[in-house]
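Please look through the structure below. The report covers its nonpolar cores and its aromatic rings.

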Amino acid sequence: MNRKFALAALACTALSSPAFAQQDTAPVADGAEGADTIIVTAARTILPPSALPLTIDIIGKDSLDQQLAISGSVTDAVSNLTPSFSPTRQKLSGAGETLRGRSPLYAINGIPQSTPMRDGSRDGFTIDGFFVDRVELIYGSNALQGIGGTGGIVNQVTVGAPKEEGVSGRVLLQGTADDGFSKDGLGGKIGGLFQYKAGRFDATFGAAFEKRGAFYDGEGRRIGINLTQGETQDSKTLSLFARLGYELSSSARLDLIASRFELKGDGDYIALAGNRALGTPTSAVRGTPPGKAAQNRTESVALSLTDTDLGGGNFVSQIFFNRSRDTFGGEVLTQATFQDPALAPVGTLFDQSQNRSRKLGAKFSYERAVPGFEDLTLTLGFDALVDKTEQALIATDRVWVPPSDFRSLAPFGQANLKLFDGIVRLAGGVRWENVQIKVDNYHTLASTTFVACPAPPATQPVPCGLASYGGVAVAGGKPKFQDLLINGGVIVEPWDGIRAYASYAEGFTVPDIGRITRAISETGVDIDNFLDIEPVVSNNREIGIEVKRGPLDATATYFWSSSDKGQLLIAGTDRNFDVQRLRVELQGFELNLGVRLPIDGLRLNAGYAHIKGLFDSDASRGVPDDIVDTDLDGVNISPDRLNLSASYNKGPLSALVQTQFFLSRSFHADPGKPEPDQRNNFGGYNITDASIRYQTGLGGLSLSVQNLFDKFYIDYSSDTRLPNDNLAFFAGRGRTFTLGWDYRF
């Protein structure tokens with residue numbers, strides 16, 4: 001502990017790792033701020049990105065809308081533009097999608113959407129992108145927003161208050177079709193946003209509805225349905241948004257923001273097994289799946305009070321409530337986990353699970369330059385969060401994951417010191433995490449397990465035998481954890497637009513406690529001393545350089561991180577994944593290059609990310625030696641990637657062509673260690689998208705094409721896990737057209 005205090009003092013006490021704000025290549029939307037004036041709210045400061053030791057990208061409104069028209073979701077948009085972000089699964093579940101090899105924290109206006117206590121991986125679908133003004137990406141482990149940010153932060157900032165008196169707004173109409181214009185593949189979206197301002201008062205109300213049809217791959221085959229984890233295809237979405245604001249004074253403002261998002265599967269299809277040996281992907285046929293279709297619902301409300309000139313400083317406060325209910329589907333062939341002979345004959349009992357999570361939190365911070373020493377900016381703050389999560393079996397009214405309560409109290413202090421007229425900046429900070437986890441006494445499920453008979457590779461295994469180890473009693477507890485998280489960095493900017501930096505930051509989260517507690521099979525376990533639920537403390541070390549001069553915008557970053565007791569997802573039964581706690585190390589580098597060409601409005605961009613991850617395989621066998629010796633697999637790390645794009649933006653016309661190259665990857669271990677399953681090696685693929693938009697006098701018309709060349713490919717997640725499962729072998733989406741019209745008034 002003394003070592004950490006000493007390091008914190010030397011770091012001068014303020015944020016966490018170097019800041020590169022990516023300028024939007026599309027024009028700034030009407031009423032929006034320019035890229036150079038954007039305040040990165042997720043960084044908890046009003047200092048510009050250039051003053052922060054944080055790696056930051058900002059996806060502006062026009063770039064975001066362009067990507068949304070291509071792919072349909074904020075998560076896909078982030079993935080398309082961020083080389084170190086995993087390729088998405090194109091499913092409702094984002095399990096295995098990582099940023100720099102670790103799970104990011106999704107937030108809306110700083111409100112955490114992730115549910116780390118039992119990670120249902122639905123946090124990428126909690127608001128429609130129609131209501132998002134920009135996305136702030138903070139890379140690497142940090143504790144700026146509390147628990148969950150071990151890979152970074154994806155903060156979705158919603159539309160701001162209207163600036164002009166009277167009525168204003170936006171209307172959006174979109175239609176989507178697959179390459180064959182199949183009737184069941186047609187989809188559509190309608191959205192409306194209406195704003196009103198009268199003196200000090202303003203109001204914003206909006207609604208967006210989307211109907212998605214079936215998806216088709218590059219060979220014209222209907223893409224398979226993941227009944228359990230859920231789908232975005234064959235679904236309906238309704239997203240509601242409201243914002244009420246009042247200016248208390250010229251510097252103080254009160255805002256109430258509420259949103260509700262619900263995505264429901266239509267349940268029109270059942271899965272048709274593919275054949276991994278022959279390369280035939282899982283497909284779907286008309287049918288009625290058992291139980292309720294997978295769906296998710298998220299509701300948030302936040303009240304904030306801000307004052308940009310309170311005692312000469314900036315005061316920010318927020319209290320919020322967030323709740324989510326994620327319903328998972330069920331498949332008859334994967335019901336072993338839920339069998340219980342006390343309820344029904346083994347092999348006949350159907351069930352499905354539902355994650356329920358509620359959060360209540362508060363955030364306070366005050367920032368100002370020190371009187372008489374204006375080059376030093378100090379920030380003091382306090383965060384509190386209470387999270388209650390459980391996973392229930394809704395068909396039989398059983399508890400799979402017991403109710404788990406999380407409570408965090410975290411004061412923090414930050415500082416930013418400008419030296420030599422801004423040529424050098426020192427930044428650093430400390431955050432004291434005080435956490436309590438409460439789990440009551442409970443029983444695990446009876447867990448009668450199907451034992452599959454031998455079968456040819458092309459045949460889906462069917463139940464052959466049964467094995468039952470029965471539920472066990474687990475003693476609950478209230479374990480407490482405390483840790484001092486530190487961060488620090490130095491920035492050197494000898495010439496305007498040229499910066500070098502180095503930084504260190506620690507992140508903090510809880511492991512997926514739900515996966516851990518539900519999988520306990522030994523008797524005599526007491527949660528009070530069960531080490532597997534200890535928090536994950538990760539770190540991020542980073543060095544890099546940035547050049548932004550004239551037509552050139554380039555960055556190069558090298559990072560490495562580790563966690564002594566990280567978490568690794570491993571395949572269990574019924575396509576469920578269990579958690580193992582062991583040492584994990586990651587390292588990688590990112591390169592980004594943007595060039596404005598002599599042709600007015602034309603810009604070329606390139607981005608590359610390489611990530612290498614290792615874990616202690618001896619720990620996975622119960623004999624840890626804290627030596628990492630085996631590659632992380634595709635469930636836990638993304639492939640290397642090269643992004644290339646060309647954009648044109650002048651006058652009423654804007655256009656984009658982008659290609660993403662996902663590079664091949666093999667998974668290996670040190671000599672003498674068990675080799676990972678080579679069937680999970682990744683062969684690689686590339687996808688090209690295109691978009692064009694023309695602004696008319698009556699709104700903008702756009703045409704976007706995803707997978708322009710209609711390439712057939714197996715998605716990264718399917719290609720690198722569950723090599724024996726022919727019902728989880730999904731192809732990616734083929735050529736898809738989206739025609740849109742939007743109008744601002």
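A nonpolar core is a set of buried Ala, Val, Leu, Ile, Met, Phe, Trp, Tyr and Cys residues joined through side-chain atoms within 4.5 Å. Buried means under 20% relative accessible area, exposed over 50%, partly exposed in between (1.4 Å probe, protein chains only). This is a predicted model: local features need pLDDT of at least 70, side-chain atom pairs count only at pLDDT 80 or more, and totals for chains, interfaces and linings use all residues. Numbering starts from 1 along each chain as its sequence is written, and side-chain values use heavy atoms, without hydrogens and water.

The largest nonpolar core holds 27 residues. Phe406, Ile437 and Val474 have the most contacts inside it. Strands E18 (424-439) and E23 (480-495) and helix H4 (513-518) each supply at least two of its residues. E18 gives the largest share, 3 residues. Helices (H or I, at least four residues) and strands (E, at least two) are DSSP runs, numbered from the N terminus. A second, separate core has 24 residues, among them Val74, Phe85, Leu99 and Val132.

Now the rings. The structure holds 13 aromatic pairs (Phe, Tyr or Trp rings, the six-membered one for Trp, with centres within 6.5 Å; planes under 30 degrees apart are stacked, over 60 edge-to-face, the rest tilted). Phe338 and Trp400 pair edge-to-face, 5.1 Å centre to centre, with 90° between the planes. Phe338 lies in the loop between strands E14 (313-327) and E15 (353-370) and Trp400 in strand E17 (residues 398-419), so the pair ties together parts 62 residues apart in sequence. Both Phe338 and Trp400 are buried.

Two charges sit over rings (NZ of Lys or CZ of Arg within 6 Å of the ring centre and within 35 degrees of the ring normal).

| Charge | Ring | Distance from ring centre |
|---|---|---|
| Arg122 | Phe328 | 4.5 Å |
| Arg733 | Phe215 | 3.6 Å |
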